[in-house]
Amino acid sequence: MSDILIDDRIRDWVFLPIIIVMFMIQMFRGLLTKYMDNKKTTQKVTSKAQVAEMIDKNITQQSQRLARLHGLLPDHSFKMKRAHLCDNKSGILTKASEKPAKDPMQSMSMMNPAAMADMLKQNLSGIVFMALQYQWVSYFFSGFVIGKVPFPLTQKFRSMLQRGVDVQNLDVRYISSISIYFVLLFGGLQKIQQLMFGDDTDEFVDDTQMQMQMQMMGMPTMPSFGQQNDPGKLFIAERTRLEGVKHTFELNKSQDKAIKSLKRFLNQ
Amino acid sequence: MEEPKVELDDLEVNQERLKQNTNQLKNLRVYGSLNAGMIAGILGMDGWIGMGIYVVIFLIVSACLAIKMNFRVKEYFKSSYDAYYSGIGTDLLLFLMIWVIFHNLVNIL
């Protein structure tokens, strides 16, 4: 198969415009999310169920912090804190683990509607822009070959990469414009945007990229629901973890550590 | 490249600094795969040789990181696997994108 010569005008009017437009839409989306984040007001905790949820979350956080940083506490202090949480009769964890399991339907409807609305808005902005770009590219730029991929591919990719080009024996390496759209989409214009414009767009990027990928795979997006179904088990697990902690007070080792670091410093 | 030190004993990993280090590493790797894509595209590399360039440049970036840290990985990252080898798949798509773009711009169009 001989090489196909592609007109210069395709590069000027198709290839570069697609890249530039997609990049700018990406940046625009970033700005849009920043704007919406600024507009968002803090949510008031309205229902009792939400308060109970917050309390549960705080309890788990407290016990996890204790399990992680127990070395900072002297012996009696650690024992007191652990007893406060894990005591057989009056410990918080024991009381919390006796709560009945919530069934998933009920817990989902108790999720504050503001968070749902937020997720919907994010989803919407991601999907709307994707669909719009797809329509734009396939309407204006369909039906011709735009470039060549540098690596050999099997025939199976023909339908995806050569949409609109109906030449049967054309090398699968020659791609149509919609495949450039896909390459740019998956390749991560977001990373380049992150590089160029610093770390403000960090959290936004992670969320929508993650959500987009999860939607591509067909799974529902549940970013912050956590273990709703059985908080009792969670607390029991936390309690066993805390009771198994071997506590040593780090200050006791401080002399040895100081000797070690001084030696290392003197040896440099 | 600013990489503050992290003391690695069980309790004493300074989370803030570790996060900063890993962010810097991520940025470095993006630069690396951008460069690899441009090299592969402009030189007109084909197929597996292009992938080889990506791996080679990834390892070069890791080597430069090692030299910058004076080979004392534990003070800056959690483990040497983490710092040198772990992220090779995440920037692969970025490399592919840049490779396709530059290959087309320079060689074909």
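Start at Gly44(B). This glycine sits just after helix 1 of chain B, and its phi is positive, about 70 degrees. When I say helix, I mean a DSSP run of H or I with at least four residues; a strand is a run of E with at least two, and both are numbered from the N terminus.

Two notes on the ground rules. This is a predicted model, where local features need pLDDT of at least 70 and side-chain atom pairs count only at pLDDT 80 or more, while totals for chains, interfaces and linings use all residues. Residues are numbered from 1 along each chain as its sequence is written, chains are lettered from A and ligands numbered from 1 in the order written, and side-chain values use heavy atoms, without hydrogens and water.

Now helix 1 of chain B itself. It covers residues 15-42, 28 residues in total. First C-alpha to last, the helix reaches 41 Å, close to the 40 Å expected at 1.5 Å a residue. That expected span is 1.5 Å times one less than the number of residues.

Which residues of this helix are buried? Among them are Leu18(B), Asn21(B), Leu25(B), Arg29(B) and Gly32(B). Buried means under 20% relative accessible area, exposed over 50%, and partly exposed in between, with a 1.4 Å probe and protein chains only. An α-helix has 3.6 residues a turn, so residues three or four places apart point the same way.

Step back to the chain. Chain B has 4 helices and 0 strands. Of its 109 residues, 43% are buried.

One more positive phi. Asn70(B) is near 55 degrees, and Asn70(B) is not a glycine. It lies in the loop between helix 2 (47-68) and helix 3 (80-85) of chain B. Buried or exposed? Asn70(B) is exposed, at 52% relative accessible area.

Last, the interface. 37 residues of chain A are in contact with 31 of chain B, contact being heavy atoms within 4.5 Å. The area buried between the two chains is about 2,700 Å², and carbon and sulfur atoms give 66% of that. Buried area is the accessible area (1.4 Å probe) that two parts lose on being put together, summed over both. In chain A, Pro150(A), Lys191(A) and Leu195(A) lose the most area to chain B, together 23% of what that side buries.

How many salt bridges between the chains? The count is 0. A salt bridge here needs a side-chain nitrogen of Lys or Arg within 4 Å of a carboxyl oxygen of Asp or Glu.
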